Amino acid sequence: MAVYTDNHGFFSIVTKNTEYQIQADKYGVLKHIWYGSKVNADMSYLLNYPDVGFSGNPYDAGNDRRYSLNTLPLEYSCDGIGDYRIPAVSVIHSNGSKALDLRYKDYKITKGKYSINGLPAVYADENDAETLEITLCDTATKTEVILRYGVIEKYDIITRCAVIRNCGEKSLKIKRASSLCIDIPQGEWEWIHFHGRHTLERIPERQPIFHGIQESSSTRGTSSHQQNPSVILCSPDCTETNGECIGAFFVYSGSFQIQTELDQLGQIRLTMGLNPELFEWNLNSGEEFETPEAVMTYSNKGFSKLSYNFHKIIRENICRGKYKLAERPVLINNWEATYFDFDDEKILKIAEQASKLGVDMLVLDDGWFGKRDDDNSGLGDWFVNNNKIHGGLKSLTEKIKNMGMKFGIWFEPEMISEDSELYRKHPDWAIQIPDRKPMRGRFQLVLDMSREDVQNYLFDVMSKILKSADISYVKWDMNRSISDWYSSELDSEHQGELPHRYMLGLYALLERLTGEFPDILFEGCSGGGGRFDAGMLYYCPQIWCSDDTDAFERTKIQYGTSYIYPVSAVGSHVSTVPNHQTGRITPIETRAVTAMAGSFGYELDLNTLSDDEKTAVTEQIKRFKKYGSLIHNGNYYRLTNPLKDKSAVWSYVSESMDEILVHGIIYRTEPNMNRKTVKLAGLDESAEYMNTENGKFYKGSALMNGGILLPESWGDYYPIEIHLIKAN
Ligand code: GLA
C-alpha cells in the first residue's frame with residue numbers, strides 16, 4: 001500500500017524512501033503539506049498562518065485574516081481568486097470571468113497506474129503501482145479538476161496529471177493547464193535546468209532561486225534544443241551523493257513551460273505543463289481535457305539517487321517494445337560519411353567494410369527518396385529514388401543482409417518541402433497562414449499532424465516502404481522549429497488548439513506505426529537532440545543525442561543528459577576526425593569510450609581508416625558487446641563534472657555491485673603531471689575489488705573514499721577504461 005488516507009481529507013503517498021502529503025482543510029482547500037524523506041508522521045504542524053498585508057481572505061474564512069490562499073502552500077493553485085502566485089490552471093468561463101475556486105469533493109484509490117488518452121505516460125502493472133485521484137470542484141460553475149497521482153513505490157516515483165472536466169451547462173476555454181504544481185514552504189533551494197542549442201544540448205545550469213518567477217520553456221512546437229522539459233530543485237549543499245533534491249520531467253514532446261516562483265514569504269512554487277503561450281482548449285459541457293504527465297522524484301542522497309530513480313522509470317516503465325531492455329545493434333550510419341552524395345554502390349562499400357569489422361546494422365540516412373540531393377526538396381515524397389538506389393530498397397537490403405548485417409532507414413515524416421510532389425498535390429497540408437508567406441526552417445515546412453488525412457498518408461506511405469524490404473530500424477527525424485500555426489481544418493475558435501492537436505496527431509501516428517511494426521527499432525531525432533524527452537522515449541527507446549559527434553563536446557552533452565535520461569536512451573556514434581562540427585582531432589579510442597555511453601555506433605566511412613584503426617574498431621565492438629549489458633543495465637555515476645574539471649569520468653556499476661566499468665577522458669596532458677584520483681560511487685564498501693587489467697586489489701571503502709588513480713596520460717583527450725570485479 002502506497003497511498004494512505006484518514007478519510008477526513010488527509011492523504012499520504014509513501015514510497016520506498018519518500019513521502020508526499022496533501023490535506024483538504026475545513027474549507028475544502030487542498031493544501032500541499034510535505035514532499036521529502038519518509039517521516040511516518042502528519043507534517044501539517046509545520047504550516048503557519050501569518051497575517052500578511054494585501055493577502056486577501058476567502059469569503060467563507062469570515063474575518064480570519066490569517067487564512068489566505070495567497071500565503072498557504074497549495075496543491076493545485078487557481079486563477080482569479082486572490083492567490084497572486086503562478087496559477088496551475090486558468091480558464092475563461094462563458095461569461096468572460098476567470099475565477100476558479102477549486103474545493104475538495106472526493107477521492108479514489110485504485111491499484112495499478114492510470115493511463116492518459118492518446119498521450120505517452122508511465123505504465124506499470126497492478127502489483128507495482130497505485131493511483132490516487134482527488135476530485136476538486138468549483139461549485140459556482142460546476143468545473144471539476146481531478147488530480148491524478150501514480151505511485152511507483154520501488155523507484156520513489158510519483159507521477160501527476162490533471163483532468164479538467166466541464167460539468168456545467170455552458171462551454172469554457174482552458175488557457176492554462178499544469179500537470180504538476182508543488183509548493184515548498186520551507187528551506188533554501190537552488191534550481192537546475194538544462195539549456196543549450198543545436199549541437200550543444202542539455203547543459204546543466206544551477207542557480208539560486210530569486211524572488212519572482214523564473215522559467216524554462218519552449219514555444220517551438222518541440223521540446224527543443226534550447227531548454228529540456230525537466231528540472232531539479234536542490235538544497236544549496238546538494239552534491240552527487242549528499243543533500244536533498246526534487247526532480248521532475250515532462251512526458252511530452254511539444255511546447256512546455258516550467259516555472260518556479262519564490263514568493264514574498266520565501267516559499268517556492270514549481271509548475272510544469274503545456275506552454276500557455278501556445279495552448280488553449282475549448283471544453284463544451286460534458287467534455288474533459290487530460291493534461292500530459294509529469295514525473296517527480298525526491299532524493300536525500302544527492303543527484304545520483306535522483307538519476308537512478310529516473311533512469312529506472314524511463315527504461316522500465318516509459319520505454320516500450322521489444323528493444324526496451326534488449327541489446328541494441330551496433331550500427332553504422334552514412335550521414336557524416338556521405339551526406340546527400342551517395343548511391344547504392346557507395347553505400348554497399350561502406351556496409352562491406354563495416355560488416356568485416358563487426359558492425360550489426362547499416363542505417364541509410366537522408367537522401368534515398370524523392371528528389372533529394374540537398375535539403376531544398378523532396379520531403380514528403382517517401383518513395384525510393386531509383387537513380388540513387390539502383391535496383392530498389394529490397395535489392396540493397398538483401399545485399400546488406402548477405403553481408404550478415406541488418407538494414408535501417410531514415411524518415412522525416414512530419415515535414416514537407418515546397419519542391420515535392422506532395423506539396424504540389426496538397427499545399428493545404430502544410431502549416432501556414434492564408435495570405436501570409438510562411439517562415440521556412442531548413443527550407444522546409446511542417447505538415448499539419450492534427451489532420452487525419454495527413455496521418456493516414458504517412459502511415460500508408462511509410463508502411464509501404466517498411467514492408468517493401470527487410471527493414472529493422474527507423475530513424476524518425478524532425479528538423480525545424482514550428483511557427484505560423486494555422487490549420488485549414490480548424491475554425492477560428494479552435495486554432496489555439498493546434499499545437500497540442502499536432503502532438504496528439506504525432507503520437508497517434510507513432511502508436512500506429514510502432515504497433516504495426518513491433519520488430520522495428522525506432523530511434524528519435526530532431527537535428528540531434530532537439531526532441532530528447534520522455535514523450536518520444538515512449539515510442540522510440542533511443543534518441544540521437546546531438547548532431548555534435550565531437551568526443552570532447554559530447555562528454556558535456558552526455559553529462560547533462562544523464563541527470564534525467566538513461567544511457568540506453570542516448571544515440572551516440574564514433575565519427576571521423578577532424579570532427580565535422582568542431583574540427584577537433586581526438587584519438588579513435590576516446591571517441592569510442594564516449595560513444596559507448598549510449599546506444600553505440602559509427603558514423604563515418606570505415607574504408608578511410610588505417611589498418612590499426614580498423615583493428616581498433618573491431619576491438620571496440622567486441623568490448624561494447626562484452627560490457628553492453630553492464631553499460632545499459634548498470635547504475636550510472638557521474639564521477640567528475642566535465643564543465644569544470646580537467647577530465648570527464650563516469651562509471652557503470654552492476655546492480656549487485658560486483659562489476660564496475662570506469663570510462664572517461666583526461667582532457668589535456670601536461671609535462672610532469674601528477675596523476676589525479678577520482679572517487680568511485682555505488683560500491684560495496686566491505687568488498688575487495690580486482691582491476692582485471694593488472695590484477696591489483698582494492699577495498700570498496702578505499703575506492704569510494706580515496707578513489708582510483710587515473711592513468712598516466714599522453715597527448716590530449718586521453719581515454720580511460722578501468723574494469724573492476726568483486727573478488728570475494
Ligand atoms: C538531422 C539529423 C542528422 C541527419 C540529418 C539528415 O540533422 O540529426 O543525424 O539525419 O538530419 O538531414
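In which loop is aspartate 341 found? In this predicted model, aspartate 341 belongs to the loop between helix 2 (335-338) and helix 3 (344-357). With a relative accessibility of 54%, aspartate 341 counts as exposed, because the threshold for that class is over 50%. Aspartate 373 stands 32 residues away from aspartate 341 along the chain, and the C-alpha atoms of the two are separated by 7.0 Å.

Isoleucine 347 is part of helix 3. At 0% relative accessibility, isoleucine 347 counts as buried, because that class covers values under 20%. Between isoleucine 347 and glutamate 589 there are 25 Å in space, C-alpha to C-alpha, and the two are 242 residues apart in sequence.

Helix 7 (residues 498-516) has 19 residues. The distance from the first C-alpha of helix 7 to the last is 26 Å, close to the expected 27 Å. The buried residues of helix 7 include Leu498, Pro499, His500, Tyr502 and Met503. Further along helix 7, Gly505, Leu506, Tyr507, Leu509, Leu510, Leu513 and Thr514 are also among the buried residues.

For aspartate 366, an N or O atom of the side chain is 2.6 Å from a ligand oxygen atom. Asparagine 479 places a polar side-chain atom 3.1 Å from an oxygen atom of the ligand, and for tryptophan 544 the corresponding distance is 3.4 Å.

The second largest pocket holds about 510 Å³ of space. Its lining consists of 28 residues, among which His198, Asn479, Ser526, Gly527 and Asp547 are the closest to the centre. By class, the lining of the second largest pocket contains 6 nonpolar, 12 polar and 10 charged residues.

Cavities of 30 Å³ or more number 10 in the structure. The largest cavity has a volume of about 130 Å³. Thirteen residues line the largest cavity, and Val29, Leu74, Tyr76, Cys78 and Leu102 lie nearest its centre. The lining of the largest cavity divides into 9 nonpolar residues, 1 polar and 3 charged. The second largest cavity contains about 80 Å³ of space. Helix 9 (551-562), strand 31 (635-638) and strand 32 (647-653) each contribute at least two residues to the lining of the second largest cavity. Among the residues of that lining are Thr555, Gln558, Tyr559, Tyr636, Arg638, Ala648, Val649 and Trp650. The lining of the second largest cavity is made up of 7 nonpolar, 3 polar and 1 charged residues.

Several loop positions show backbone geometry of note. Most residues other than glycine have a negative phi, and most peptide bonds are trans. Asparagine 40, however, has a positive phi, near 55°. Asparagine 40 is placed in the loop between strand 4 (30-37) and strand 5 (89-92), and at 64% relative accessibility it counts as exposed. Lysine 142 likewise has a positive phi, near 60°, and lies in the loop between strand 7 (130-138) and strand 8 (143-152). The relative accessible area of lysine 142 is 49%, so this residue is partly exposed. The peptide bond from valine 577 to proline 578 is cis, with omega near -10°. Proline 578 is located in the loop between strand 29 (570-575) and helix 10 (588-595).

Definitions and conventions:
Residues are numbered from 1 along each chain as its sequence is written. This is a predicted model: local features need pLDDT of at least 70, side-chain atom pairs count only at pLDDT 80 or more; totals for chains, interfaces and linings use all residues. Side-chain values use heavy atoms; hydrogens and water are left out. Helices (H or I, at least four residues) and strands (E, at least two) are DSSP runs, numbered from the N terminus. The expected span of a helix is 1.5 Å times one less than its number of residues. Buried means under 20% relative accessible area, exposed over 50%, partly exposed in between (1.4 Å probe, protein chains only). On a 1 Å grid over the protein atoms alone, a cavity is a set of points where a 1.4 Å probe fits but cannot get out, and a pocket is an open set with protein on both sides within 12 Å along at least five of seven lines; lining residues have an atom within 4 Å of a point. Grid points are joined across faces, edges and corners, and a volume is the space filled by probe spheres set on the points. Ala, Val, Leu, Ile, Met, Phe, Trp, Tyr, Cys and Pro count as nonpolar, Asp, Glu, Lys and Arg as charged, and the others, Gly among them, as polar. A polar contact is a pair of N or O atoms within 3.5 Å; within protein, one must be able to donate a hydrogen and the other to accept it, and residues adjacent in sequence count only if both atoms are side-chain atoms.
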